[in-house]
Amino acid sequence: MATFLYKLGRSAFRRRRLVALLWVALLAVAGIGAATAPVATSSSFSIPGTEAQRAFDLLEERFPGAGADGATARVVFQAPEGQKMTDPAHKAVVEETVAALKSGSDQIVSVTDPYTGQAVSQNGSTAYVSVAYKVNAMELTDETREALTQAGHNAQGKGLTVEVGGDALQTMPETGSGEIVGVVIAGIVLVLTFGSLVAAGLPLLTAIIGVGIGVSSITALASVLDLGSTTSTLAMMIGLAVGIDYALFIVSRYRAELAEGREKEDAAGRAVGTAGSAVVFAGLTVVIALVGLAVVNIPMLTKMGFAAAGTVVIAVLIALTLIPALLGFAGDKVIGRKQRKAAKAGTVGSAKNEKPNGGTRWARFVIRRPVMVLLIGVLGLGAIALPAASLEMGLPDDGVKPTSTTERRAYDALSDGFGPGFNGPLLVVVDGDKATADRAVSTIKGLEGWAAVTPATPNKAGDAAMITVVPKDRPSSGATETLVHDIRNATGDDVLVTGATAMNIDFSQKMNDALVPYLALVVGLAFLLLTVVFRSILVPLKAALGFLLSVVAALGAVVAVFQWGWLGSLFGVEQTGPIMSMMPIFMVGVVFGLAMDYEVFLVTRMREAYVHGERPGEAIVTGFRHSARVVTAAAVIMIAVFSGFIGMTDQMIKMIGFGLAVAVLFDAFVVRMAIVPAVLALLGHKAWWLPKWLDRILPNVDVEGEGLAKDAPADGASGAKPDLVKV
């Protein structure tokens, strides 16, 4: 592989105008396709194989036009202290609001009058208007949302406190500011790492081009492949992350080859042949992790995973072709001014003449005290991971939003006036006649944990009915989950429980059930892949165990902050609650890919030095001397990118940003920089052991570039055959 990639890198460098033109043309075609494609709507959210989904399907079949999966809203009215919502003046305001809502949008299915729908609290202080829509929240038009909020504002100025809640106000979070902050910090880190604006700009430029092509392609194909408006979110996040990483490693290796005295074209070829091989396998691990999301069997997640995987493939191809082409255009400017002066003075040469850098000094420290470093790293992450044992999964609702939002205030007003269960009513669907529905109502009333059970509402054909059950406790509580299971167990197969609360419970259960198979698939395939790359059993095993340790520690930190509230005010967490149910799998998929990036780039350089004759300890030092600074820069960039999302008001985005940032922090700086060299130092030669029978079976992909010694021309500046041991 190294030989093939070496030739590819030289060819891209030599034909740089053609290569750059092809990528620009591809970006233009994708952009035109995105601009002319129909606007993407939100693809329907479904959870195949769950009772909640079967109930929704039955509702759509038996209650056509009812908008079973449509958005909902509640306009909550509170009378001034000492007054009641049944007072004539207040009643007139509510009825005026009901009329305004009914005429405000053609996307509305129904608007319920609180005075005829039993939606006035017992003490008369609170009332609410329920609004049901034909489409889900992401498909609501701006005019529809404006009509909803305007109706609330109009009533607000007439002596009542009015708040609006429900998923009808849900919009795609604006993440642009977080991404901009991340890119700016990435640029600063790259300039500090390379000492050259040109070298720093190349990874940013190519990452933006790759993300542009990937996201534009997703937008262009959205209508054809039923890709929702959220599909590109993960693709953008991961594409930006790996795009910067992969380009960073290629450019860094190119500069190292130039420092060894090689001519530019040969240096570009060798950079792609060596670091490019690591890019290919690192990219494969990320693709495996993202495509593996299909195991969960939730169409939305599967599409997001495949879309993000496609963007990663684009990032790999750009690193292998566009980067060497742009290096050809950059010339000497890719080297910092100090390095150029040193080169002219003849003071740049073999690594033996270089002063020990931070990576070298750290590696030597770890080699001298491997047991101490290993114990501190493992015990430290283990302690941080302890809160993960108390992990409670669910989907955050309006109750975890900041108190400054109208959704949160509406949530609190409903809880105060009607009880916390009114924020998450259960919808029970009966597949049968009126007698079956009445029996279901009677059975449910014999259970514990409910606050209200409405009479059954049959459909026109009389072969199905709907029952609304209001739990006593809040939607995300364990008591509400118990009530859902009790109803399902007490009633027959012809009675199904659904609604947003039941959907969240089923979604969480499905994600929980899929976690172990997903882990087994991703870690298993990556183990095989890394065995081929490193030609070792213990190195891939160590990589997988280290990754699991960092992910569990990151989950522990998420639980401590978002579920327990530790340091919550520091991160803007106003209300604790369950951890988003897709968080563990999401973190496994994203962090595994990035963790294997750092593992491959760091350990491949050690393996390269070991294969070329260095002793195990020397190989560790060599790997850190060449790669530690670049891996550190890549990790800092990723932490900055993910941390930019912590400042968002949306609790889910905040949680994702925090979780990914601390996971990269733990994995890059504790696992890869401390535990990995400590373990390798303790193992010595055994780290690179591979059974002979397995060595014969496995393909030799030559990631270390051994084939370059005989296939590449000896065109270094000295005219002698390149000394690969120094590379």
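Of the 727 residues of the protein, 55% count as buried (under 20% relative accessible area with a 1.4 Å probe and protein chains only, against over 50% for exposed and partly exposed in between). The model is predicted, so that local features need pLDDT of at least 70 and side-chain atom pairs count only at pLDDT 80 or more, whereas totals for chains, interfaces and linings use all residues. Residues are numbered from 1 along each chain as its sequence is written, and side-chain values use heavy atoms, with hydrogens and water left out.

The protein contains 23 helices and 11 strands; these elements are DSSP runs numbered from the N terminus, with helices (H or I) of at least four residues and strands (E) of at least two. Among contacts (heavy atoms within 4.5 Å) with a separation of 6 or more, 79% are accounted for by residues 24 or more positions apart.

Two helix pairs were examined. The axes of helix H4 (residues 88-102) and helix H5 (residues 142-156) come within 10 Å and cross at roughly 160°. Here axes are lines fitted to C-alpha atoms, for helices over the stretch in contact, and angles run from 0 to 180 degrees between N-to-C directions. The crossing angle therefore makes H4 roughly antiparallel to H5; under 35 degrees counts as roughly parallel, over 145 as roughly antiparallel, 65 to 115 as roughly perpendicular and the rest as oblique. The crossing of H4 and H5 is right-handed, a term for the near helix being turned clockwise from the far one by less than a right angle, with anticlockwise giving left-handed. H4 contributes Val93, Thr97 and Leu101 to the contact, and H5 contributes Ala147, Leu148, Ala151 and Ala155. By class, the residues of this contact are 6 nonpolar, 1 polar and no charged; Ala, Val, Leu, Ile, Met, Phe, Trp, Tyr, Cys and Pro count as nonpolar, Asp, Glu, Lys and Arg as charged, and the others, Gly among them, as polar.

In the second pair, helix H3 (residues 51-62) packs with helix H17 (residues 500-534) at an angle of about 140°, and their axes are 8 Å apart. H3 is therefore oblique to H17. Glu51, Ala52, Gln53 and Phe56 of H3 meet Ala502, Met503 and Asp506 of H17. The contact of H3 with H17 divides into 4 nonpolar, 1 polar and 2 charged residues.

Lysine 654, in helix H21 (residues 651-683), is buried because its relative accessibility is 6%. Its side chain reaches the backbone oxygen of phenylalanine 571 at 3.3 Å. Apart from neighbours within four places in sequence, lysine 654 is in contact with Phe562, Phe571, Gly572, Val573, Phe645, Ile646, Gly647 and Met648. Arginine 253 belongs to helix H8 (residues 231-259) and, at 5% relative accessibility, counts as buried. The side chain of arginine 253 makes a polar contact at 2.8 Å with the side chain of glutamate 608.

Isoleucine 620 lies in helix H20 (residues 616-643) and is buried, with a relative accessibility of 3%. Not counting residues up to four places away in sequence, isoleucine 620 touches Ala363, Ile367, Met606, Pro677, Leu680 and Ala681. Isoleucine 314 is placed in helix H10 (residues 299-330) and counts as buried at 16% relative accessibility. With neighbours within four places left aside, the contacts of isoleucine 314 are Trp23, Gly210, Ile213 and Gly214.

Arginine 535 counts as buried, at 10% relative accessibility. Leucine 567 is exposed, with a relative accessible area of 58%.

Methods:
A polar contact is a pair of N or O atoms within 3.5 Å; within protein, one must be able to donate a hydrogen and the other to accept it, and residues adjacent in sequence count only if both atoms are side-chain atoms.
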